Amino acid sequence: DQDPHFRSGLRVALEAAGFTVGEAATGKEGERTALRVRPDAILMDLMLASVDAGSLVAQRLREMGEKFPIFLISNAAGSLEYNLNVEDLGIAGVFAKPVDVPAVIQTLRNRLHGS
């Protein structure tokens with residue numbers, strides 16, 4: 001996410017819940033970080049610097065064979081508004097802003113740990 005306050009708040013909440021978190025402000029930075037860190041999951045702003053930058057990053061990561069679940073974060077109905085086919089991109093889910101942090105934490109726990 002481009003907003004440092006949003007990233008910081010989400011990072012603090014995720015770390016308090018026991019997750020290790022890396023941050024990126026742009027799609028390119030996120031892509032490089034994902035390839036270097038090999039995360040268990042990615043939370044990515046759909047909008048990033050342009051309308052579809054988030055979906056393009058997700059598509060490139062999938063084309064490189066990356067298997068970790070990618071969750072998009074979107075304003076309102078962004079995924080529907082831009083006709084994004086999340087299944088084709090292998091997107092695990094979409095969280096609407098403002099993000100329900102407890103729901104994000106529970107979703108990640110369920111997806112990553114089955115609990």
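With which residue does lysine 97 form a salt bridge? In this predicted model, the partner of lysine 97 is aspartate 1, and the closest N and O atoms of the two are 2.6 Å apart. Aspartate 1 counts as buried, at 11% relative accessibility, whereas lysine 97 is partly exposed, with a relative accessible area of 22%.

Lysine 97 is also the bridge partner, in β3, of asparagine 75. Strand β2 (residues 70-75) pairs with β3 in the parallel sense over 6 bridges, within an open sheet of 3 strands in the order β1-β2-β3, with parallel pairing. Because β1 (42-45) and β3 (91-97) each have a single partner strand, they stand at the edges, and one side of each is left without a neighbour in the sheet. On average, neighbouring strands of this sheet are turned by 25° against each other, direction ignored. Helix α6 (residues 101-113) lies across β1, β2 and β3 and runs at about 170° to β3.

The structure holds 5 salt bridges, among them one between glutamate 23 and arginine 7, at 3.0 Å from N to O. Glutamate 23 lies in the loop between α1 and α2 (27-37) and arginine 7 in helix α1, so the pair ties together parts that are 16 residues apart in sequence. Within helix α1, arginine 11 and glutamate 15 are 4 residues apart, and therefore separated by about one helical turn. Salt bridges that share partners join Arg7, Arg11, Glu15 and Glu23 into one network.

Key
Residues are numbered from 1 along each chain as its sequence is written. This is a predicted model: local features need pLDDT of at least 70, side-chain atom pairs count only at pLDDT 80 or more; totals for chains, interfaces and linings use all residues. Side-chain values use heavy atoms; hydrogens and water are left out. Two strands pair if DSSP finds at least two bridges between them. Helices (H or I, at least four residues) and strands (E, at least two) are DSSP runs, numbered from the N terminus. Axes are lines fitted to C-alpha atoms, for helices over the stretch in contact, and angles run from 0 to 180 degrees between N-to-C directions. Contact means heavy atoms within 4.5 Å. A salt bridge is a side-chain nitrogen of Lys or Arg within 4 Å of a carboxyl oxygen of Asp or Glu. Buried means under 20% relative accessible area, exposed over 50%, partly exposed in between (1.4 Å probe, protein chains only).
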